Amino acid sequence: MVFIKTVLFDIDGTILRCNGAGKKAMVMASEEVYGTRGLMEEYNFQGRTDSLILRESLIPAGISENTLTAGLDRFKERYFSLLEGLIREYDVVLLPGVEDLLRALNGRDDVFVGLLTGNYAEGARIKLSRFGLNGYFRTGVFADDTAIRNEMPCIARERLKSDHGWNCDFRDIYIIGDTIYDLECARTWGAVSVAVATGWTGRDVLLSQEPDYFFEHLGDTAAVLEIFEKDIIPVLRDQELPSAGSEYRP
Ligand SMILES: [Mg+2]
């Protein structure tokens, strides 16, 4: 028997800020594949999944379901290729304290670290590779899994069970994010919501959602680690922990 908590990080605004690189790659790929950027200029990307952004930008602009589906593989291929280049051209910023926190969490055997992000899995890998962070994450839920962020905690829990043999309680899953959508998806399933104000959502808006925990930033590693000290629930497991750096799957 071990004591396990799972912490799932959002990427944009929580781990790093792409400062336009992701949006630019998506707009360029969409124009190449579908001949239009649709409503992407006006669309608020924050907290939305890549698959939802694509759908809600293009369908109202006259792209049919069939055309959207038929072009999806090529869109992703172009998006990932463009993102690989732009992520190194733009002023992409690693947010304060993130790497120290990831290192500290990975050094513990009672906390399991993963991703819960609106990015496609390959987009997530590319963004994290900018700072060499992929090895810290042992599981993940991505836009390839669902376009609906509120479904993601449930998928994460199922994946912990199918991949690692854990019957994890939602109250032992911590979701760290910078938007009200991250908090909402945690609340929907009774997971622990952790708000961080390093994205584009103001602290007052985040606090109005009554997150379980709030941080201006993740720069104080000791303060963030404290939230994992409470209410530890013993969880039976029948598989060994995979080593840090094990590949996560989309
Ligand atoms: Mg975010």
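**Figure 1. Phenylalanine 9 sits in strand 2, which covers residues 5-9.** Helices (H or I, at least four residues) and strands (E, at least two) are DSSP runs, numbered from the N terminus. This is a predicted model, in which local features need pLDDT of at least 70 and side-chain atom pairs count only at pLDDT 80 or more, while totals for chains, interfaces and linings use all residues. Residues are numbered from 1 along each chain as its sequence is written. Is phenylalanine 9 buried or exposed? Phenylalanine 9 is buried, because 28 other C-beta atoms lie within 10 Å. For the record, buried takes 20 or more other C-beta atoms within 10 Å of a residue's own, exposed takes 12 or fewer, and partly exposed is in between, with C-beta atoms placed from the backbone. Setting aside neighbours within four places in sequence, phenylalanine 9 touches Thr14, Ile15, Leu115 and Ile176; a contact here is two C-beta atoms, placed from the backbone, within 7 Å. Look across to aspartate 145, 136 residues apart along the chain, and the C-alpha atoms of the pair are separated by 16 Å.

**Figure 2. Strand 5 (residues 111-116) pairs with strand 2 and with strand 6.** Strands pair if DSSP finds at least two bridges between them. Strands 2 and 5 run parallel, joined by 5 bridges, and phenylalanine 9 faces leucine 115 of strand 5. Strand 6 (residues 139-141) is also parallel to strand 5, over 3 bridges. Here leucine 115 stands opposite glycine 140, and leucine 116 has valine 141 as its bridge partner. Strand 5 is mostly covered, with 5 of its 6 residues buried.

**Figure 3. The open sheet has 6 strands, in the order 6-5-2-7-8-9, with parallel pairing.** Strand 6 and strand 9 (213-215) are at the edges with a single partner strand each, so one side of each has no neighbour in the sheet. From one strand to the next, the twist averages 25°. Strand 5, helix 5 and strand 6 form a right-handed β-α-β unit. Right-handed means that, with the strands pointing away from the viewer, the path from the first strand over the helix to the second runs clockwise.

**Figure 4. Helix 2 (residues 50-58) has its buried residues on the same side.** The buried residues are Asp50, Ser51, Ile53, Leu54, Ser57 and Leu58. Why the same side of helix 2? Because they cover an arc of only 165° around the axis, taking the directions from the helix axis to the C-beta atoms. An α-helix has 3.6 residues a turn, so residues three or four places apart point the same way. What do the buried residues of helix 2 pack against? Helix 1 (21-34), helix 3 (65-89) and helix 5 (121-129).

**Figure 5. Serine 129 lies in helix 5.** Serine 129 counts as partly exposed, because it has 13 C-beta neighbours inside 10 Å. Its C-alpha atom and that of isoleucine 87, 42 residues apart along the chain, are separated by 9.4 Å.

Methods
Axes fitted to C-alpha atoms, helices over the stretch in contact; angles between N-to-C directions.
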